[in-house]
Amino acid sequence: VMAAGPLTGTGAPTGARYMVMTKSPLTGAITCSNAGGRFPTELKRTGYDGIVFSGRAPHPVYLVIHAGQAELRDASHLWGKTTHETTDMLLDETDAKARVACIGPAGEHLVRFAAIMNDKDRAAGRSGVGAVMGSKNLKAVVVRGQERVALADPDRFKAFNNQILGKFKAAAKETPLGLTINGTAGVVLTTQHLGVLPTKNWQQGTFEGWENIHGERLTEKYLVSNKACYACPIGCGRKTRVEDPVFAGEGEGPEYETIYAMGSNCMIDNLAAVVKANYLCNELGLDTITMGATVACAMELADRGYLSDKVVGRPLVWGDGEALVELTRMTAYRKGFGNRLAEGSYRLAESCGHPELAMVSKKQEFPGYEPRGAQAMGLAYATSPIGGSHMRGDPAYFELFGIPQPVDPHQWEGKAKITKAFQDLSAVIDSAGLCIFFAVRNLAGKTLDVPPDGIMEYLNAATGLEYTLKELMRAGERIITAERQFLVRAGMSRKDDSLPKRLTHEPMPSGPAEGKVCHLEEMLEEYYQAQDWTSDGVPTEKRLASLGLT
């Protein structure tokens, strides 16, 4: 399922998101992979809110939606092409003003963490949604929209939108996390100084070479310009260019999560190598988080003697930027050792007899925040319905950045209720078609259990449904609980709300979080109570009935 939200394309700040929903080939769980750019708005302007694909085409096809018509066309000539090549060819074939979402060779070869790329460099990246497109022989979706997005009360919407846009513009250079200035790459500075920058496959929380890969260095050496999604006043996207003779290229990114996964996590402080691997992921259609984390896992397996293969014609060692780039390309085509990497870090480590070295929850690799130094992040990773993720409730905002108010990151007591509230809130934001950075900019500061300032007003003006705050947050609760029911029916339970023992039993060796472990089990008890689920993580009949889900 590809679906836009009621605020997608309306002109609401950051209202440029769509979701791709399916069952993940990486985790076996439900997934909902989120992307921005221009494609989501163009989809909305076709007059359709969503597309459902079922079955499998007998040969490669692509879908075109234009002027209210939908047509499947032959894509045999596109099979094998990169996402950039595919996009250019389809714009030539259809309409130069259309927008394209497509898969690259990774999706065609059913890499378990293949991404769907739209507008060339925007990724619905997590959980292998691109592999599902590949399994259906669906190469691309082309949309050309010419309709205005309908609003229930245009005057009310416009008046409120002008008010909120004014606030954004007034603080253009003061956006939280420095997003306009250094993009998400600026987060490296914070995580390093707080001791939660995952390093050496999560063996430690600080990286000696961090200054070579942080956001200011990216801006200084490689930034060409900012790049914003539709209707976004923040502009955190990075258009970059590398002229290094070994790693030359240009495109978008990398984001913070990419820099952690391919940089500190692999002990690589050569930013040019990280940027180049990021470009390849965009062009070949790979999730950068899982790609980098799987290479890091392979490096530890090799370091410990569990992986003897000379996977790139030489032993695999920490810090080898050229190996990172080569392995990224091999993975997309499942060539050589890339065929094993294409299964993700859990299956790789398990095949070597050491699944404990895969830093995953529900077999999905973590984003870049160490739970031993940010307790609620560990709970969020473990209980995320899509596996290790920071996009389905991100406690890093309050634990690490003090948004909307500071909370001790090392304290675990009381974190379950806050984590649940942020998960509910994230579900609302995603479903509305907004970016999570709208919440960062506008989170109300009174309590931690209210939605971002303005979402309710925007939704009511756009839809005419007149949500109350209580109804809006119950929508978030309903989403989280419905997803949980999917997991229960897929055979998952408390045993799958887990973290590697490295994070729960091995104290952080150094840095500001030295001596800490993540207290997951203690937080899980409180979390299940807050959700009104059983001690095994199953929603009670009472809970289902209260949300209308029986």
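Predicted model: local features only at pLDDT ≥ 70, side-chain atom pairs only at ≥ 80, totals over all residues.
Helix α17 covers residues 415–432 and helix α22 covers residues 520–531. Their axes come within 8 Å and cross at roughly 50°. Since angles from 65 to 115 degrees count as roughly perpendicular and those under 35 degrees as roughly parallel, α17 is therefore oblique to α22.

On the α17 side, the contact is made by K415, A416, K417, K420 and Q423. On the α22 side, M523, E526, Y527, A530 and Q531 take part.

A second region to consider is a sheet. Strands of a sheet pair through backbone hydrogen bonds, in either a parallel or an antiparallel manner. Here three strands form an open sheet in the order β11-β12-β13, and the pairing is antiparallel. The edge strands are β11, at residues 223–227, and β13, at residues 249–252, each of which pairs on one side only. Neighbouring strands of this sheet are turned by 10° against each other on average, with direction ignored.

Strand β12 consists of residues 237–242 and pairs with β13 in the antiparallel sense over four bridges. Within this part of the structure, V242 stands opposite G249 of β13.

Helix α8, formed by residues 215–222, lies across β11 and β12. The direction of α8 is at about 55° to β12.

Methods: Residues numbered from 1 in each chain as written. Heavy atoms only, no water. Axes fitted to C-alpha atoms, helices over the stretch in contact; angles between N-to-C directions. Helix = DSSP H or I, 4+ residues; strand = E, 2+ residues; numbered from the N terminus. Parallel < 35°, antiparallel > 145°, perpendicular 65-115°, else oblique. Contact = heavy atoms within 4.5 Å. Pairing = 2+ DSSP bridges.
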